[in-house]
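Visitor: I would like a close look at one part of this model and whatever surrounds it. Could you walk me through it slowly?

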Amino acid sequence: GGGGGGNRYRAGTSERRGRPVPHFATLERALLKERDGDGFGFDAVYVGTPPGSHRSLVELALGSDKSVLLEKPLAATTDDADAIVAAAESSSTSGALAMNIGMRYNEALRELRRRVLEEKEFGERRSSRLRATLRTHYERWPREWQTRPWCAGRDEGGPLREVGTHFYSALLEFSGAHDSERSEMPVSARICATVKYPPDGASSESCTVAPCETEAEGIIELKGGALPLMGMVVEFSVRTDAPRDVYELTIAPFSETKKDDYGHSLTLFDFCSLKNSKGEILVQNASYGRKECVHALVAAAQSQNNYLSQTREVSIVSARHGRNAQRILGAILKSNGEWINIEFD
């Protein structure tokens, strides 16, 4: 779902080691092969399939005591998301589940939060409320490497799901919604958005289902957690006909008198870099956090504690955390210009 910073995720295999890995058409066949008792076995499952298939695969894997690294978004529907959370937190499985969302471990995002919320770089008085803009713009959607039809479909694909989820997670991590020591005031949100789709009957070579959104814009108001007393107002926009791809989250002190003038600001761009309003690079091409997602899952799977204590101990991005990001996504898709209030786990 990522792909900023020169599409670095499309790199080929850099090294091959050991024997070829057995492959199967379905997870069921892999589990049957393991039960044959001929030495084949595995401990974890990576689920990177379309969102509508996540629930059945997660339930099967966890029900077989396998750990799961789950791609975002958590699921395609609210019911499926709730079912995945229930399966992940069930005491009947010895497997762990972690979302493959690396924003928690992203050094550029960590530095952004440190400067704004911990060091109060904007100053105590000016930081009583924050203003942000989130721009995810594309030359085309689906992007060049997204060749599967569902990536362009309304039910499972589209930029709000595929890329937006990264940044909704970033907003929650920045706000402290998932801090191990929860604030006395939990993070909550209020969202108003409009989403535009192609005309009925529109089709393309890459999409044989109802096409996904072409534009979206709106406001996300966040309060509580580690945020200043008056919270943060995020204005977001999605475009699919931009002159170039843009992935930017800019945060600045809120100003009523200079509403359109950011002055001093900090911008997270291309997922893994950070710059100030002077254009000075503060963090450049840091690791997004993919490796840390895997390491956290391995540590959780090896832990002897139950799932919830694993979550706190190794700081995995849990199914609940994935559901929180999906709640922002769901509100954007449903809003149609009306305000929707959200509470987070």
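Visitor: Where does Pro142 lie?

Guide: Happy to show you! Pro142 is in the loop between β4 (130-137) and α6; helices here are DSSP runs of H or I with at least four residues, strands are runs of E with at least two, and both are numbered from the N terminus. Before we go on, note that this is a predicted model, where local features need pLDDT of at least 70, side-chain atom pairs count only at pLDDT 80 or more, and totals for chains, interfaces and linings use all residues. Residues are numbered from 1 along each chain as its sequence is written, and side-chain values use heavy atoms, with hydrogens and water left out.

The peptide bond from Trp141 to Pro142 is cis, with omega near 0°. A cis bond is found from Lys72 to Pro73 too, with omega near -10°, and Pro73 sits in the loop between β2 (67-70) and α4 (78-88).

Now follow the chain into α6, which covers residues 159-175. Helix α6 packs with α9 (residues 319-335) at an angle of about 120°, their axes 8 Å apart. Axes are lines fitted to C-alpha atoms, for helices over the stretch in contact, and angles run from 0 to 180 degrees between N-to-C directions. The two helices, α6 and α9, are therefore oblique to each other; angles under 35 degrees count as roughly parallel, over 145 as roughly antiparallel, 65 to 115 as roughly perpendicular and the rest as oblique. Their crossing is right-handed, a term for the near helix being turned clockwise from the far one by less than a right angle.

Which residues touch? In α6, Leu160, Arg161, Thr165, Tyr168, Ser169 and Leu172 meet Asn324, Ala325, Ile328, Leu329, Ile332 and Leu333 of α9, where contact means heavy atoms within 4.5 Å. Sorted by class, the contact of α6 with α9 holds 8 nonpolar, 3 polar and 1 charged residues. Here Ala, Val, Leu, Ile, Met, Phe, Trp, Tyr, Cys and Pro are nonpolar, Asp, Glu, Lys and Arg are charged, and the others, Gly among them, are polar.

Stay with α9 for a moment. Helix α9 is mostly covered, with 12 of its 17 residues buried; buried means under 20% relative accessible area, exposed over 50% and partly exposed in between, using a 1.4 Å probe and protein chains only. After α9 comes Asn336, whose phi is positive, near 55°.

Next, α6 has another partner. Helix α5 (residues 107-118) packs with α6 at about 40°, with the axes 10 Å apart. These two, α5 and α6, are therefore oblique to each other, and their crossing is right-handed. Leu109, Leu112, Arg113, Val116 and Leu117 of α5 meet Ala170, Glu173 and Phe174 of α6. That contact has 6 nonpolar, no polar and 2 charged residues.

Finally, find Ala226, in the loop between β6 (215-223) and β7 (232-239). Apart from neighbours within four places in sequence, Ala226 is in contact with Arg113, Leu117, Ser175 and Gly176. Ala226 is partly exposed, at 32% relative accessible area.
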